[in-house]
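Subject: Structure for you to look at

Hello,

Here is the structure I promised to pass on. Please open it and keep it beside you while you read my notes.

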Amino acid sequence: MSGKLITGVPLAAEQLCVVFDPKVLGVRSEAKTSGVQGLLGQDRAFEAISLSAKIPYSDFNLFVLGRPGYGRHTAVHDLLAKEAANRTVASDWVYVNNFDAPHKPTAIELPAGMAIPLRAAMQAVVDDLANDIPAYFEADDYQSKRRAIEQDYGEKHEQSFNDLMDNAKAKGLVVLRTPMGFMVAATTQDGKPLTPDQYDALPEAEQKDIDEKVAVTQKELENVLKEIPKREKAHRRALEELNSGVATRAVADTMAEMTADFTEIEALQPYFVAVKADLIENAELFLTNGTGAHAGAFPVETTKFYQRPQFQRYSVNVMICNPTDHNAGAAIVTEDLPTLGNLVGRVEHKSEMGALVTDFTMIKPGALHRANGGYIILDVRNLLTEPFAWDALKRCLKTGQISITSVEQRLSLFATTSLEPDPIPLNLRVALVGERMFYYLLMELDPDFTDLFKVQADFNDDVFIDGDTPKQFADLLTGITGRENLRPLQTDALLSLLTEATRLADDAEKLSLNVGKLSDIVREADFRAGTAEHKEILAEDIDGAIAAIEDRASRPRERTQEAIARNMLLIDTDGKETGQINALSVLQIGDFMFGRPSRITARVRMGKGRVVDIEREVELGGPLHSKGMLILSGYLSTLYALDVPMSLWASLVFEQSYGGVDGDSASAAELFTLLSALSDCPIDQSFAVTGSVNQHGEVQPIGGVNQKIEGFFDVCAARGLTGRQAVLIPDTNVKNLALRRRVVQAVKDRKFNIIPFSTINEGIGILTGVEAGERGKGGAFPENSINGKVEARLQLFARQLKSFGSHKNNDNSAPGGRKKK
Amino acid sequence: MTFSSKSRRIVIGATCYADATSVIEIGCFLAQSTKGELQAVLIEEDAVYSLSAQPSARVTPVGGLSRPVTPEAMIDAFKRDAAAYEKAIRESAAKRAIRWSFEKRRGEFPIGLNHDLATGDLIVFGYQVPGRSVGEILVVDYADDMDVSLVELASNVAREMRRPLHVVLLRKSPEAAIKVSEHSRSRMEGLATNLTIIDQQDNLTELLEAIRRGRSAMVMISAELARDIGIDRLLDAARCPAIVYTG
């Protein structure tokens, strides 16, 4: 579309839709390519993503904003993946038992790839000791030493007690055992305890002798029994020392062998020291493993002892294990379900005897763990709708640590003891992807957001058609077929898609970057091509897919057209009427937009200078509509009959409109209707008008021009095109034209017209066939011009009003009755 | 618990819970391995009650802190011991799924256990010396017509207690033949760590002295020999739990 646009004259068919020359596509290869991954026209966003990916500061996290379907997720993933590949692989992290405080598991950082070998090594230690420790303790060496200790202490215990018993016996006494302890008693000749009666029967001297002997023996008994606890303690200590020595040998040998593979990892050494001490202290765990020669189907030597509950304390909980290849790059993780647990990890519990228990082995990693050292991509809508997830993410970013919490803990619902694992340091770049609304809401309402997300990558919705853009766009489309493994796109198909891209952009000079929508069209077209047994996707497949997509959503449009066709909605498409015009509006239901004509009517009489917007009066008019009405009122008031008070009463209404009306795209049509009513000049009903007007009478561009034109066209086409029917559009909207083929063909066949206009004067002239008129040297409009007639009418109203006295008693009475022509 | 008179009985007896602990597990083991029924008895010695009534009566527990005792305190102590004894029996018997009963008796120990015994019954006398935890299982019987099943039973006990087994056989006179079949002998030699044959002296003094020196963990003896020695003399010499095998 080159050359200066001439307004007031119907557009040529070539001006209604962009038809691309195949040359713009450049040389096409038949081979499928992966294509440009949605970065066409996104230089600003690309720079932002690259900055965030590379800059080392922790608060330069990224928010990718834009509309859904415009390739944000794919683009940010591909860019970050490219950068991740250049970074070194992150460390491994494990949780191990804290033997001193089991509720505070210890986190240990390991070189990449060492977590699983460590876990395997500890399992092997347990299995080896489960076989070795029993063998050590069953060895003759240990058994003989143990027997020697027990014999030694046993002898000491017994000797003193036996001596006591023997001495007592020699003195004619016996030591009895009772539930309360030992009791010394005198005996009879046959060794039976002396009864009280027998004692009383003895001579006093003998009684005294017995008493003395009992007292002495009692004392000896006390001394002997006093020593027993001490000896038993010493006995226990000796056994413990023996056991410890044996266990130390067994454990030291096994641990030395294992730790040799990890000597270079300093962080592990304190853990190994603690493990060794604990193994020695708890060596009896390996003695009570219940093994025997016939334990299970497999030989004892291959039993997986590390799986048994008593040995869980020595296991290694691998949180993150990365490849050993340092060139493997950093992680890039996309978490599609960013619940609190999925994000920061969780501590699981199991039920035991009716209580919930946990330990360090039940800590599970989250997405932040997996992405640590690299990148994570989150959809902001998903994130914000998960309870506590957003708060947890911010907390982790602010503290630079991954702290594991649960919803139950946040709500203080958990009464069960849980864990306080060491937090793991976080080194991560977060990329949030979401609509612009979320970005601006967070900016406005969350002070943390601006501190943590300093980079915005704003994705453009479209790109200007210039230079290599069509070729790059074609590459993008080819990339879709490559990624989705579809049939190749024929050149005409590519050109159809380019045209459709201008339609989606609502701009003949731009291509929409709605990759999602285009991908849907291509895939459906591929399906149609398959059904028709095409080897390539042809233009007819693309057009068929586009038509089918529209058709599936067009039930509301069809109902509207049906209502008009059946005269349920009154729309004229020929003849002339004063104070009546076809305006155009666009309706959006879901993602489908369609236009439809609406009748606007105006009635005028003398009054107090008020233009009544009936929509506004009944609160069906939105603020933008009201603004448009006030603007046209301003136009009227400042253009006509300036030497008299504005003595007009006028009412404007969208006939048969029972829903809300907003926007000012019908303000030009409303003004035309009013001018027609004032001038008493009828408007040709073959025309429909869309356009916004300012106070200077200049026509301003509007949205949805294609749908509006097609809406009126379809009404006219249903009744039979006369060749006179036309849509008047703002000249500044010509660049937005991307009309469907049916309209373009009708224009080409001279059965329909699209007429651009730039001023009210121009438009009213086309609609009425009467010149608008300009003020002459005397300041008056030509008498037979529209403007002249309008001004004359307003002056008449003023005179009429003046002749009726005070303006305050005038009411809004019934409008002056003029019959419809 | 119902007690069947036709079942082998394992009677375990003690004068206090401390002594009972030395034989509860082995008693339950014997009941399980012989498919017998366990009868646990706590002997409340008359002598203890009467001595408790003496104004000068004192008791000394392990630890050496002696204190006066009254009959009432002793009665309470026997009740506590009975409860603990019965609980321990219940728990141990449940683990081995054996039938059991418990009772208290007034009388003398050890003879108070010798009631209504039948052939095949085992009587286990509880006796604990502070500190003795080592020692062998000692089996003592007459060499004449000895029952190898006693040795087999003792072997099971030794295996359960992880102790060596020592068999001591007495010849009633040097001239008496040892009527032990080669088969029985080889079986005994296979089961026992040691096999000793000694000549019986008229007063069995040497045997008792050997038992006393041996410091066994447990003595198993035939009823005949136990009767000849006297169970109280045996316990005094052995100073460990004893099992009398009635055949």
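A salt bridge is a side-chain nitrogen of Lys or Arg within 4 Å of a carboxyl oxygen of Asp or Glu. Keep that rule in mind for what follows.

Some ground rules come next. This is a predicted model, in which local features need pLDDT of at least 70, side-chain atom pairs count only at pLDDT 80 or more, and totals for chains, interfaces and linings use all residues. Residues are numbered from 1 along each chain as its sequence is written, chains are lettered from A and ligands numbered from 1 in the order in which they are written, and side-chain values use heavy atoms, with hydrogens and water left out.

**Salt bridges**

How many salt bridges are there over all chains? The count comes to 52.

Look at A:Asp684 and A:Arg724. Their side chains form a salt bridge, at 2.5 Å from N to O. This pair links distant parts of the chain, 40 residues apart. A:Asp684 sits in strand S24 (residues 683-684), and A:Arg724 in the loop between H24 and strand S28 (726-730) of chain A. Helices (H or I, at least four residues) and strands (E, at least two) are DSSP runs, numbered from the N terminus.

Is A:Asp684 buried or exposed? A:Asp684 is buried, because its relative accessible area is 3%. Buried means under 20%, exposed over 50%, and partly exposed in between (1.4 Å probe, protein chains only). A:Arg724 is partly exposed, at 47%.

Next, find A:Arg775 and A:Glu791. They meet in a salt bridge too, at 2.7 Å from N to O. A:Arg775 lies in the loop between helix H26 (760-768) and helix H27 (786-803), and A:Glu791 lies in H27 of chain A, so the pair ties together parts that are 16 residues apart in sequence. A:Glu791 is buried at 10%, while A:Arg775 is partly exposed at 33%.

Salt bridges can also share partners. One network of this kind joins A:Asp166, A:Lys169, B:Glu209, B:Arg212, B:Arg213, B:Asp236 and B:Arg239.

One more pair is A:Arg346 with A:Glu348. Their closest N and O atoms are 3.6 Å apart. A:Arg346 is partly exposed at 35%, and A:Glu348 is partly exposed at 29%.

**Helix H24**

Helix H24 of chain A covers residues 705-719. Its 15 residues should span 21 Å at 1.5 Å a residue, and its end C-alpha atoms are 22 Å apart, which agrees. The expected span is 1.5 Å times one less than the number of residues. The helix is mostly covered, with 12 of its 15 residues buried. Among them are A:Phe712, A:Phe713 and A:Cys716. A:Gly720 follows H24(A) and has a positive phi, near 105°.

**Surface patches**

Patches use residues with over 30% relative accessible area and no salt bridge; like charges are joined within 9 Å, and nonpolar side chains (Val, Leu, Ile, Met, Phe, Trp, Tyr) within 5 Å. Areas come from the Shrake-Rupley method with a 1.4 Å probe.

Which residues gather in a patch of negative charge? They are A:Asp128, A:Asp253, A:Glu257 and A:Asp261. Asp and Glu count as negative, Lys and Arg as positive; His and the chain ends are not counted. Each charge is placed at NZ of Lys, CZ of Arg, CG of Asp or CD of Glu. A:Asp128 is in helix H3 (residues 115-138) of chain A.

A:Met437, A:Leu441 and A:Leu445 make a nonpolar surface patch of about 310 Å². A:Met437 is in helix H14 (residues 436-445) of chain A.

Best wishes
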